[in-house]
Structure formats: C-alpha cells, structure tokens
Amino acid sequence: MDITTDPQKPAPAPVPHQPPGTGTSRAARGATRPGDRIFLGLSRGSGIFVLVIMAAIAAFLTYRASIAISKNEANFFTTLEWNPTGMPPEFGIAVLAFGTVVSSVIAMAVAVPIAVGIALFITHYAPRKLGGAIGYVIDLLAAVPSIVYGLWGALVLVPHMEGLFGWLDEYLGWTGVFEWNQGAPRSLFTVGILLAIMILPIITNVSREVFRQVPRMHEEAALALGATRWEVIRISVLPFGRSGVISASMLGLGRALGETMAVAMVLSSSFEINLSLLDTGGGTFAQNIASKFNEATVMGRDALIASGLVLFVITLLVNGAARMIIGRRKEYSGANA
C-alpha cells in the first residue's frame, strides 16, 4: 500500500505564517545588501545636510542681525525710516513688511484663479493638440529670467497701467484703496500685477500635473450619475487636487516674496506707507536689499541682513502654514483617493 495514502500517517504540521519582513525572502535579504546600505546612507545624509544648511543660514542671519539691532536706536518693527549709517543709526522694516505682504497678496489674488482655470482648460476642456501648445507656452514663460520680466514691466507694463489706474480711480476711488493722484504708475499694485505674471507659469504647471493624476474612474462615475462637465470638475477634480493646488500656490508665493530685480526695476521705492495701492512708492525686503547692498557700509549690510532674517522667517511661516493646511485636509489627498 502507498504510504502517501496511509490514513494512519499523521498530516504534516502547517507552516506558521510569518509577517512581512521577518522571513528570509529575497526582498528581506536585499535590504542588507551593500548597495542598499550605501543608498540608505546617502539618502539620510542628504536630508541631514539640507537641515544643516538651513541651520547654518539661520545662525548666520541671526548673528549679523543681532549686531545691527543692538545698535539701532529706533524700533526695528515699527519705524518708517531706513538710515543705518546715521548717528545714531535708525532703521525699521515696517514699510518693507507692508510692501512685501501687499504685493504678494495682490499677486496671489490675481495669479491663483487664472492659473487654476488655465490648468483645468488644458486638462479637461481643450483638444489634445491645443492643450499641448498652451502647455508648451506656459513652460516657456516659466523659463524667462527675472531681469527680462523687469525690463518688460518697466518699458511696457508701467506705461499701459494708466488706463487701468484711471478706471479704478473712477469707479473704486471712493474706497481710498484705489484712489489715484495721477502720479506715475510705479506702485505696489503694478508690482503685484507683474509678480502675478511671473508666478502664473509655476502655479499652472504644478496644478496641471496634479489634475492629470485624477483617477479616471472617479470622473467616469460622476458622468454615469448624470453630472455635467463642471460638476465633474467640482466634485471629483478639485477635491482631489486641492492639496496640490495649495502646494503650487505656496511655491509661487515663495517666488513672489523673494523677487528682487523685477520689483526694483518697476517700483519707485520710498519709505512711506500709503493707504492707496495706486500711489507711487513703497518697498519690499528683496528690492531694498538688492538696491542698497552694494553701496552699504558694514553697519548698513548688517541692517540689510536683519531685514533678510525677517523675510527668512516669513518664508518659513508661509511654508509651515501650507503644510498644516495640507495635513488637515488629508482626505483630499491623491494618495487617499
């Protein structure tokens, strides 16, 4: 009789289940290979190196800023004057902070809706060839240097802003925010428009790639339920890409906050805060550093570094706020779709 069919022979003991990663599989053995260990070390070292660079920058800015602030005889946060070479030195960042924030807010208010609209048109409305052509042009705009935008803004944009300024003054001048005194349109509003044009390609490109990652079955399910094309975008595309659009907006905001040459070539800088966005004058952190650094004394450079530290902190706060917003909206993340 065949022993394999002997009913008296005990059945073989079942092989105990091993959790993933605890066995001796090829993947587990591969985790200890020299190549994997080298790659792990390089990746970890690269991350640590970035943190070290950030810490070194922060330490340098803090040290040089403390020297300048300790010699400053005025309030660093509220003074509407920049005279670090005076006797005694008096300087403050109130005008710079106001101009940086206002111009960046104007740029975001103009650029984000337009960029999202362009991205949706390319991915969901335009024919493939037309969408590809528009995307190619947007990519080219992202590669234009800042100095070229500055030249275009100074020679083309500024002279053609008078009509818009006149229209805003006629219909919205009663608010005081858009009151125009017929001066040259080298104001924070013009800077905001120029910055919006500069950050538009960045936000559009990132948003376009995010919208392309929307699962096709989500859109098909919405269409099967009778949704219109706009309803598909509203209930399927925008919730899926919300965190990506926020990230793209923060990336564009980072460029708007730190833009230098384009702003310096368009803005007629002055250390005063105007209620109207159309009045000539104002200033930003980056523009002030770029225009005054070469001719500044040692004390003046320390003062400029102190203002750079404030811009550094503002950038960190903006990025941190963006991460918090994205973290609180994980249900809209593409990873969870």
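What does the accessible surface of the protein come to, and what percentage of it belongs to carbon and sulfur atoms? About 19,300 Å², and 66% of that belongs to carbon and sulfur. Okay, hi everyone, let's walk through this one.

Before anything else: what you're looking at is a predicted model. On confidence, the protein averages a pLDDT of 83, and 88% of the residues score at least 70. If you go element by element, helix 3, residues 94–125, has the highest mean at 92, while helix 1, residues 26–30, has the lowest at 46. Residues 23–30 stay under 50, and the model gives that stretch five contacts beyond four places in sequence. Down at residues 332–337 the pLDDT is below 50 as well, and there we get 12 contacts beyond near neighbours in sequence.

Now the overall layout. We have 12 helices and two strands. Of the 337 residues, 38% are buried. And if you take contacts with a separation of 6 or more, 73% of them join residues 24 or more positions apart.

Let's zoom in on helix 2, residues 34–71. How far apart are its end C-alpha atoms? They're 55 Å apart, and since 38 residues at 1.5 Å each should span 56 Å, that agrees. Leu61, Ala65 and Ala68 in helix 2 are buried. Keep in mind that an α-helix has 3.6 residues a turn, so residues three or four places apart point the same way.

Helix 5, residues 146–157, supplies the largest share, with six residues. Methionine 261, on the other hand, sits in helix 10. Its relative accessible area is 38%, so methionine 261 counts as partly exposed.

Last stop: aspartate 279. You'll find this residue in the loop between helix 10 and helix 11. Is aspartate 279 buried or exposed? Buried, because its relative accessibility is 18% and the cut-off is under 20%. Leaving out residues up to four places away in sequence, aspartate 279 touches Glu179, Asn181, Ser187 and Asn274. And tryptophan 180, 99 residues away along the chain, has its C-alpha atom 6.2 Å from that of aspartate 279.

That's my tour, thanks!

Conventions. Residues numbered from 1 in each chain as written. Predicted model: local features only at pLDDT ≥ 70, side-chain atom pairs only at ≥ 80, totals over all residues. Heavy atoms only, no water. Helix = DSSP H or I, 4+ residues; strand = E, 2+ residues; numbered from the N terminus. Expected span 1.5 Å × (residues − 1). Buried < 20%, exposed > 50% of the residue type's maximum accessible area, 1.4 Å probe, protein only. Contact = heavy atoms within 4.5 Å. pLDDT = per-residue confidence, 0-100. Areas by Shrake-Rupley, 256 points an atom, 1.4 Å probe, with all protein chains shown as cover.
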